[in-house]
Each structure stands twice: as structure tokens, then as C-alpha cells.
Amino acid sequence: MCPDTDCSHLVICASQVLANDLDQGQNGEVSYTIAASAQSDLFHINPVTGHISTAAIMDREVWPQTQLIVSATDRGSPRLMGSATLTVIVLDLNDNSPTIPLPKLVRVPE
């Protein structure tokens, strides 16, 4: 669990990103974002800490893997930004029961 999340629903901390900015004061303070994509709504990033958590129930059979572009922007003037691509691999969970297809007709001898 991420330390800065509400525990009223299942949230999994996927990762934490940390940007380094050697400037001092607000020029060195960064905030984090995830670039919009088809799967970016599945995740949330804390703009202050960089903790990335799930924002939806993950299902490996639907989304086995995704890539997120994470950006860090400083508070200087002009604002400077750096970004990185984070690959998220969803691990499989035993969430599917086995099924037995039944034959239509079974014949047994007397």
C-alpha cells in the first residue's frame, strides 16, 4: 500500500518515481504527472511524492502490460520538465475458476 492513499478501497502501490533537480528553492521543487494515454486512467500519481498507485481494479487478462510516461516539472521560471517511460507489468492472480465443458450426451452400458 502506498503511504499516502485512502485505504477504503483496494489500492496497490505500483512504484514511486523520484526526480533530481540540483537547483535550489522553488527552482528545485518538482511535481509529478502521468501523460494522458489509453491506459493512464488505470493509475494515479501523487504530484508531490511521486507514488504511483492503481486507480482501478487490475486484470492481467485485460491489461497484461502497459507503459506510462511520467513527467517531473520544476517550479522555476521558465518551468523545466523531464520525463521517463515506466513499464508496468500486471502479475497474474488466481482469479479464474476451472471449467469443464460437459458433453451433450453421455452413454453408459447396462
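Among the elements of the protein chain, strand 2 has the highest mean pLDDT, 94, while strand 1 (residues 13–16) has the lowest, 73. The stretch of residues 1–11 has a pLDDT below 50. Beyond near neighbours in sequence, this stretch still has 17 contacts in the model. Where pLDDT is low, the predicted coordinates should not be read in detail. This is a predicted model. Across the protein chain the mean pLDDT is 82, and 87% of the residues reach 70 or more.

**The core**

Which residues make up the largest nonpolar core? There are 11 of them: Val17, Tyr32, Ile34, Leu42, Phe43, Ile45, Ile52, Leu68, Val70, Ala72 and Val88. Strand 2 (30–34), strand 3 (43–45) and strand 5 (65–74) each supply at least two residues of this core. The largest share, 3 residues, comes from strand 5. In soluble globular proteins, nonpolar side chains tend to be buried together.

Take Val17, one of the core residues. Leaving aside its neighbours within four places in sequence, Val17 is in contact with Tyr32, Ile45, Thr49, Gly50, Ile52 and Val70.

**Strands 3 and 4**

Strand 3 and strand 4 run antiparallel, and 3 bridges join them. Ile45 has Ile52 in strand 4 as its bridge partner. Both Ile45 and Ile52 belong to the largest nonpolar core.

Is strand 4 (residues 51–54) covered on one face or on both? Both faces are covered. His51 and Ser53 are buried on one side, and Ile52 and Thr54 are buried on the other. In a regular strand the side chains alternate between the two faces of the sheet.

**Two loop residues**

Ser40 and Pro78 both sit in loops, as the table shows.

| Residue | Loop | Relative accessible area |
|---|---|---|
| Ser40 | between strand 2 and strand 3 | 9% |
| Pro78 | between strand 5 and strand 6 (81–89) | 62% |

Why does Ser40 count as buried? Ser40 is buried because its relative accessible area is 9%, under the 20% cut-off. Not counting residues up to four places away in sequence, Ser40 touches Ile34, Ala35 and Leu68. Of these, Ile34 and Leu68 are core residues.

Pro78 is exposed, because its relative accessible area of 62% is over the 50% cut-off. Pro78 and Asn27 are 51 residues apart in sequence. In space, they are 9.2 Å apart, C-alpha to C-alpha.

Methods:
Residues are numbered from 1 along each chain as its sequence is written. This is a predicted model: local features need pLDDT of at least 70, side-chain atom pairs count only at pLDDT 80 or more; totals for chains, interfaces and linings use all residues. Side-chain values use heavy atoms; hydrogens and water are left out. A nonpolar core is a set of buried Ala, Val, Leu, Ile, Met, Phe, Trp, Tyr and Cys residues joined through side-chain atoms within 4.5 Å. Buried means under 20% relative accessible area, exposed over 50%, partly exposed in between (1.4 Å probe, protein chains only). Helices (H or I, at least four residues) and strands (E, at least two) are DSSP runs, numbered from the N terminus. Contact means heavy atoms within 4.5 Å. pLDDT is the predictor's confidence in each residue, from 0 to 100. Two strands pair if DSSP finds at least two bridges between them.
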